[in-house]
Amino acid sequence: KLRDRFSNYFTPAEYARFQETQNSSFTGVGVSVAPDPKGLRVVNVFDGSPAKRAGIVAGDVFVAVNGKTLAGVSGDVATTRIKGPSGTDVKLRVEHDGKRKDITMARSQVSVPVVASTMREACGKKIGVVGLAQFSSGAHAEVYAALKRLEKRGAQAFVFDLRGNGGGLVDEAQLIASAFLPDGKIVTTRGRNVPERTLDATGDPIVPKGDKVTVLVDRNTASASEIVAGALQDRGRATLVGTRTFGKGVFQEVIELSNGGALDITAGQYFTPNGRNLGGQGVKTGTGLKPDVPARDDPKTRADEAMRVALRTAGGCAVKS
């Protein structure tokens with residue numbers, strides 16, 4: 001009745017599984033997903049997972065779980081229906097290239113690879129590339145370690161890849177943005193029944209001020225990812241490359257209930273340093289962040305066209321279309 005796609009009721013079992021999402025491991029089938037009108041669209045499939053063994057690939061859509069449709073169901077509730085105790089079966093109806101089939105998988109413990117990093121070259125410069133899968137507890141420490149390793153290896157610029165990152169903990173967003181900003185505002189949160197709060201950089205950046213930073217985003221870059229990308233864009237610290245982001249400008253408060261369940265309910269909005277809100281208050285589609293340099297992957301090719309544009313942007317040479 002709230003008409004708010006980000007507010008949910010969790011049964012006790014669903015709440016227990018929801019709490020797992022705050023960490024970098026969970027019991028499920030081993031995919032990261034994004035909302036889709038039909039259910040959940042697969043963004044990444046983790047190596048060694050039940051989904052990988054079952055042949056699930058990025059772009060597939062989960063349309064039903066154990067015979068129950070996922071159309072119109074919020075992303076958090078839909079994912080908790082897929083998760084469950086290790087060793088138990090879950091039947092997923094999967095749409096692939098317009099065709100649907102039922103696949104039964106045995107759930108297992110899945111460790112999410114939160115941070116991936118590598119060194120690339122573009123325009124005659126060494127470019128450190130760091131990808132972050134989610135803003136889970138402790139993610140900032142892994143990002144810091146990756147950035148420091150790349151600095152020692154001689155990185156002259158950085159690409160921070162937030163594509164497919166649906167967000168997570170706001171405090172982690174503050175700490176990760178602080179890796180690039182020495183001081184100043186990162187995000188402000190405001191709500192009707194919660195005090196206004198402004199989170200600033202912690203004052204100990206990892207990346208030197210003179211190193212160029214490019215943030216790579218797509219339509220599945222959301223929530224805490226938009227906080228970081230928006231802060232770095234507003235503060236003139238990074239160039240955004242990719243497509244318009246998801247547009248989730250609201251945050252939720254978890255209220256535990258006496259039956260062991262919980263309400264995960266929208267409590268307010270967040271604003272970038274320049275005062276932008278990106279999310280349409282939860283009841284309508286938000287505007288998201290507009291990239292400074294548009295770039296889009298062609299799903300029909302093996303090449304990563306958006307990454308190529310990001311590398312050339314970070315390297316400071318002309319971007320070729």
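What follows is a walk through the salt bridges, helix packing, a few individual residues and a charged surface patch. The structure is a predicted model, in which local features need pLDDT of at least 70 and side-chain atom pairs count only at pLDDT 80 or more, while totals for chains, interfaces and linings use all residues. Residues are numbered from 1 along each chain as its sequence is written, and side-chain values use heavy atoms, with hydrogens and water left out.

Salt bridges come first. Taking a salt bridge as a side-chain nitrogen of Lys or Arg within 4 Å of a carboxyl oxygen of Asp or Glu, the count comes to twelve. One of them joins Arg163 to Asp297, with the closest N and O atoms 3.0 Å apart. Arg163 sits in the loop between β12 and α5 and Asp297 in the loop between β19 (293-294) and α7 (305-315), so this pair ties together parts that are 134 residues apart in sequence. Helices (H or I, at least four residues) and strands (E, at least two) are DSSP runs, numbered from the N terminus. Burial is scored by relative accessible area: under 20% is buried, over 50% is exposed, and anything in between is partly exposed (1.4 Å probe, protein chains only). On that scale Arg163 is buried at 17%, whereas Asp297 is partly exposed at 32%. Both belong to a salt-bridge network that also takes in Asp161 and Asp304.

Another bridge pairs Asp171 with Arg197 at 3.9 Å, N to O. It links distant parts of the chain, with Asp171 in helix α5 and Arg197 in strand β14, 26 residues apart. Asp171 is partly exposed at 43%, and Arg197 is partly exposed at 41%. Arg41 bridges to Asp36, with 3.8 Å between the closest N and O atoms; Arg41 is partly exposed at 26%.

Now for the helices. In α5 (residues 170-177), the buried residues are Glu172, Ala173, Gln174, Ile176 and Ala177. They pack against β11, α4 (139-152), β12 (157-161), β13 (185-190), β14 (197-200) and α6 (224-234), where contact means heavy atoms within 4.5 Å. Helix α3 (residues 75-82) buries Val77, Ala78, Thr79, Thr80 and Ile82, and these pack against partners including α1 (12-20), β3 (31-36) and β7 (89-96).

Thr189, in strand β13, is buried at 9%. Leaving out residues up to four places away in sequence, Thr189 touches Pro195, Glu196, Arg197, Phe251, Gln269 and Tyr270. Gly230, in helix α6, is buried at 0%.

Most residues other than glycine have a negative phi. Asn66, however, has a positive phi near 50° and lies in the loop between β5 (61-65) and β6 (68-69). Cys123 has a positive phi too, near 55°, in the loop between β10 (115-122) and β11 (125-132). Asn66 is partly exposed at 44%, and Cys123 is partly exposed at 34%.

Finally, Arg5, Arg219, Arg244 and Lys290 form a positive surface patch. Patch residues have over 30% relative accessible area and no salt bridge, with like charges joined within 9 Å. Arg5 is in the segment before β1 (8-10) and is partly exposed at 35%.

Definitions and conventions: Patch = residues over 30% accessible without salt bridge, like charges linked within 9 Å, V, L, I, M, F, W, Y side chains within 5 Å. Areas by Shrake-Rupley, 256 points an atom, 1.4 Å probe, with all protein chains shown as cover. Lys, Arg positive; Asp, Glu negative; His and termini not counted. Charge placed at Lys NZ, Arg CZ, Asp CG, Glu CD.
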